Amino acid sequence: MVQKPSAAVTTLTSNAETALREVAKEAAHCRRCPLYKLGTQTVFGAGPADASVMIVGEQPGDVEDRQGLPFVGPAGRMLDHALESAGLRRDCLYVTNAVKHFKHVVTGKRRLHQKPNAYEIDRCKWWLDQELDIIDPELAVAMGATAARSLIGKPIKIGTARGNVLHLPSGRPVLVTIHPSALLRLRDSESRAVEFARFVADLRRVGEIVPSVRT
Ligand code: URA
């Protein structure tokens, strides 16, 4: 028999959706740090408001900045490929970034990514914390140093922490892994294949911890 969600569950979910939409609307006018002057728009998170897993990246890239959605450019394609290989459904995940504006420098016709600094990450945590509060995922995934710094509140070494689950003071588990852009920077195909397999192995842990997001 197909179980229908109870009225209480339905209401909770739609409350979360409404709350998320409201926060996204506020974030669209964010002036909490100077990065709003650089980006085309605020790129807020995307995915179901009742997601059990939240994936956190660094900041939108060039394509994301234009389209207004997280992980839809080259790093997004790498992430999609890794999620598929790890047997995870992207449509079940809430995908967001630690920093919601594209920090870059313009050189000729190109807009070159620049790493957000600690101040920018900490100012933008205001939005990530609200996403976490509303969605209340069973597991957060920190992809790379910026996401880890934002979620954990202090810098950590990704090389040492990757593949491990840390616990926030709230008790929320955070799985640490690399950022998919790190794979795009690897020129040699053998290293790329090895590192891709390690990334997929980290992501497989997501499905072990939260089986409902498996394909
Ligand atoms: N890199 C990120 O960290 N996030 C995106 O949305 C795209 C690229």
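Trainee: Which helix holds L128, and what makes this residue count as buried?

Mentor: L128 is found in helix α4, where a helix is a DSSP run of H or I with at least four residues, a strand is a run of E with at least two, and both are numbered from the N terminus. Its relative accessible area is 0%, and because buried means under 20%, exposed over 50% and partly exposed in between, with a 1.4 Å probe and protein chains only, L128 is called buried. The model is a predicted one, in which local features need pLDDT of at least 70 and side-chain atom pairs count only at pLDDT 80 or more, while totals for chains, interfaces and linings use all residues. Residues are numbered from 1 along each chain as its sequence is written, and side-chain values use heavy atoms, with hydrogens and water left out.

Trainee: Which residues does L128 touch, once those up to four places away in sequence are not counted?

Mentor: With contact taken as heavy atoms within 4.5 Å, L128 touches M54, V56, T96, N97, K100, S150 and L151. L128 and L151 are 23 residues apart along the chain, and their C-alpha atoms are separated by 8.2 Å.

Trainee: How do you know that helix α5 is largely enclosed by the rest of the structure?

Mentor: Helix α5 covers residues 145-152, and six of its eight residues are buried, so the helix is largely enclosed. The buried ones are T146, A147, A148, R149, S150 and L151. Their cover includes β1 (53-57), α4 (118-135), β5 (139-143), α6 (158-161) and β7 (173-177). Just after α5, G153 takes a positive phi of about 90°.

Trainee: What makes F71 and D136 stand out in their backbone angles, and is each of them buried or exposed?

Mentor: F71 has a positive phi of about 50° although it is not a glycine, and D136, also a residue other than glycine, has a positive phi near 50°. F71 is in the loop between α2 (62-67) and α3 (74-85), and D136 is in the loop between α4 and β5. The relative accessible area of F71 is 5%, so F71 is buried, whereas D136, at 52%, is exposed.

Trainee: Why is G76 called buried, and which residues is it in contact with beyond its neighbours within four places in sequence?

Mentor: G76 lies in helix α3, and its relative accessibility is 1%, so it counts as buried. Apart from those sequence neighbours, G76 is in contact with F71 and R90. The C-alpha atoms of G76 and G61, which are 15 residues apart along the chain, are separated by 9.6 Å.

Trainee: What makes a group of residues a nonpolar core, and which residues have the most contacts inside the largest one?

Mentor: A nonpolar core is a set of buried Ala, Val, Leu, Ile, Met, Phe, Trp, Tyr and Cys residues joined through side-chain atoms within 4.5 Å. The largest here has 57 residues, and those with the most contacts inside it are V53, V141, L151, F199, V206 and V213. Helix α4 gives the most to this core, with six residues. Leaving out residues up to four places away in sequence, V141 touches V53, M54, I55, V56, L151, L175, T177 and V206.

Trainee: Why does V206 count as buried, and where does it lie?

Mentor: V206 lies in helix α8, residues 189-209, and its relative accessibility is 0%, so it counts as buried. Its contacts, leaving aside neighbours within four places in sequence, are V53, L88, L139, V141, L175 and V213.

Trainee: How do you know that the chain as a whole agrees with a compact globule?

Mentor: The radius of gyration is taken over C-alpha atoms, and the globule rule is 2.2 Å times the number of residues to the power 0.38. For 215 residues a compact globule would have a value near 17 Å, and the chain has 17 Å, so the two agree. The C-alpha trace spans about 60 × 40 × 30 Å along its principal axes. Of the 215 residues, 47% count as buried, and the secondary structure comes to eight helices and seven strands. Among contacts with a separation of 6 or more, residues 24 or more positions apart account for 73%.
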